[in-house]
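Open the model in your viewer and keep the sequence panel beside it. The stops below say what to select next and what is there.

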Amino acid sequence: QVQLVESGGGLVQPGGSLRLSCTASGRRFSTYAMGWYRQAPGTQRELVPSIGSAGSTNYADSVKGRFTISRDNAKNTVYLQMNSLKPEDTAVYYCHTLGVPYWGQGTQVTVSS
């Protein structure tokens, strides 16, 4: 069993930045590919960026150039740096172990003036 705990969400103005963190329990974090998903009201949950166990990354077109995913295996943590935030980025953000059914509880990100 792996527990994922997200933090770092909040309210930010358009154009602002936030950094999300997701810390995992257990000893196998470094072997997991990790992803950040988001879900806005009335929409399906979507994969935003992902990072492989070796550090390769992929981004949805909607966030390329604005979001950066990274990981620190020594801290069992994956990060999501979000810059140039837009109102359409407003959602609950979840971290997930790709291919393994573990999810965090989610953290709310609201982009509004």
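Start with the open sheet of 6 strands, ordered β2-β10-β9-β4-β5-β6, whose pairing is mixed. Strands here are DSSP runs of E, at least two residues long, and helices are runs of H or I of at least four residues, both numbered from the N terminus. Two strands pair if DSSP finds at least two bridges between them. Select β2 (10-12) and β6 (57-59): these are the edges, each with a single partner strand, so one side of each has no neighbour in the sheet. On average, neighbouring strands of this sheet are turned by 25 degrees against each other, direction ignored. Axes for such angles are lines fitted to C-alpha atoms, and angles run from 0 to 180 degrees between N-to-C directions.

A note on what you are viewing. This is a predicted model, in which local features need pLDDT of at least 70 and side-chain atom pairs count only at pLDDT 80 or more, while totals for chains, interfaces and linings use all residues. Residues are numbered from 1 along each chain as its sequence is written, and side-chain values use heavy atoms, leaving out hydrogens and water.

Stay in this sheet and select β9 and β10. They pair in the antiparallel sense over 3 bridges. Alanine 91 has valine 109 in β10 as its bridge partner.

Next, go to arginine 38 in strand β4 (residues 33-39). Is arginine 38 buried or exposed? Arginine 38 is buried, at a relative accessible area of 6%. Buried means under 20% relative accessible area, exposed over 50%, and partly exposed in between (1.4 Å probe, protein chains only). Show the side chains of glutamate 46 and aspartate 89. The side chain of arginine 38 makes a polar contact of 2.8 Å with that of glutamate 46 and one of 2.9 Å with that of aspartate 89. A polar contact is a pair of N or O atoms within 3.5 Å; within protein, one must be able to donate a hydrogen and the other to accept it, and residues adjacent in sequence count only if both atoms are side-chain atoms.

Now select the other sheet. It is open, has 4 strands in the order β1-β3-β8-β7, and pairs antiparallel. Its edge strands are β1 (4-7) and β7 (67-72), each pairing on one side only. Neighbouring strands here are turned by 15 degrees against each other on average, direction ignored. Inside the sheet, 6 bridges join β3 (residues 18-24) to the antiparallel β8 (residues 77-82).

Pick arginine 19 in β3. It stands opposite glutamine 81 in β8. Arginine 19 is partly exposed, with a relative accessible area of 47%. Beyond four places in sequence, arginine 19 touches Ser7, Gly8, Tyr79, Leu80 and Gln81 (contact means heavy atoms within 4.5 Å).

Then colour the largest nonpolar core. Among its 27 residues, Leu4, Trp36, Phe67, Val78, Leu80, Met82 and Tyr93 touch the most other members. Such a core is a set of buried Ala, Val, Leu, Ile, Met, Phe, Trp, Tyr and Cys residues joined through side-chain atoms within 4.5 Å. The largest share, 4 residues, comes from β3.

Finally, zoom out. The protein chain has 0 helices and 10 strands. Of its 113 residues, 42% count as buried. The C-alpha atoms fill a box of roughly 40 × 25 × 25 Å along the principal axes.
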